[in-house]
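I opened this entry to go through the fold element by element. The notes below follow the order in which I looked things up.

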Amino acid sequence: MDLLLVEDDEAIAAGLERVLFEQGFSIRRAGTGREAIAAATPGVGLVVLDLGRPDLDGITVCREPRRTRPDLAILILTARDREMDVVA
């Protein structure tokens, strides 16, 4: 299964990619929200998404692929801790 890693911090992305690859995932990477939306093709089974995107809000990046792929698994990583962020 291909995994789409959406992270713009190179150090964090490299560490996550290494660990996920060791677990058997084939990794695709995207640094921006627009790249992530374009890369969330049917070959991707899981998205690991950091909400802090430089171009689009992470919630938008989460919602867009779900319009056409409601079964797409998305794991959200974030340092946001406000109640509204957690609810969204």
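**Helix H1**

I began at the start of H1, where a side-chain oxygen of Asp9 comes to within 3.0 Å of the backbone nitrogen of Ala11. I note here that I am working from a predicted model.

I then checked the length of H1. The helix covers residues 10-22, which is 13 residues. From first C-alpha to last it reaches 18 Å, close to the 18 Å expected at 1.5 Å a residue.

Which residues of H1 are buried? I found Ala13, Gly15 and Leu20. Viewed down the axis of H1, these buried residues fall within an arc of 165°, so they line one face of the helix. They pack against S1 and strand S2 (26-30). On the face turned away from the buried side I listed the exposed residues Glu10, Ala11, Arg18, Phe21 and Glu22. Just after H1, I noted that Gly24 has a positive phi of about 100°.

**Strand S1**

S1 is mostly covered, with 5 of its 5 residues buried. I sorted them by side: Asp2, Leu4 and Val6 are buried on one, and Leu3 and Leu5 on the other. S1 pairs with S2 in the parallel sense, over 5 bridges. I looked up the bridge partner of Asp2 in S2 and found Ser26.

**Nonpolar cores**

How many residues does the largest nonpolar core have? I recorded 16 residues. Those with the most contacts inside this core are Leu4, Val6, Ala36, Val47, Leu49, Leu72 and Ile74. The elements giving two or more residues to it are strand S1 (2-6), helix H2 (33-39), strand S3 (44-50) and helix H3 (58-68). Apart from this core lies another, of 7 residues, and I noted Leu3, Leu5, Leu46 and Val48 among them. For context, nonpolar side chains in soluble globular proteins tend to be buried together.

I looked at Ile74 separately. Not counting residues up to four places away in sequence, Ile74 touches Leu46, Val47, Leu49, Cys62 and Arg66.

**Helix H3**

I turned to H3 and its N-terminal end. Asp57 caps that end, with a side-chain oxygen 3.0 Å from the backbone nitrogen of Ile59.

The buried residues of H3 are Gly58, Ile59, Val61, Cys62 and Pro65. Down the axis of H3 they fall within an arc of 165°, so they line one face of the helix. I found H2, S3 and S4 included in what covers them. On the other side of H3, I listed Arg63, Arg67 and Thr68 as exposed.

**Ile76**

My last stop was Ile76, which is found in strand S4 (residues 73-77). Is Ile76 buried, partly exposed or exposed? Its relative accessibility is 36%. Buried would need under 20% and exposed over 50%, so Ile76 counts as partly exposed.

I then looked up its contacts. Leaving aside neighbours within four places in sequence, Ile76 is in contact with Leu49, Leu51 and Cys62. I also took the C-alpha to C-alpha distance from Ile76 to Ile59, which is 9.4 Å, with the two residues 17 apart in sequence.

Methods
Residues numbered from 1 in each chain as written. Predicted model: local features only at pLDDT ≥ 70, side-chain atom pairs only at ≥ 80, totals over all residues. Heavy atoms only, no water. Core = buried A, V, L, I, M, F, W, Y, C linked by side-chain atoms within 4.5 Å. Buried < 20%, exposed > 50% of the residue type's maximum accessible area, 1.4 Å probe, protein only. Helix = DSSP H or I, 4+ residues; strand = E, 2+ residues; numbered from the N terminus. Contact = heavy atoms within 4.5 Å. Arc of directions from axis to C-beta. Polar contact = N/O pair within 3.5 Å; in protein donor to acceptor, adjacent residues only side chain to side chain. Expected span 1.5 Å × (residues − 1). Pairing = 2+ DSSP bridges.
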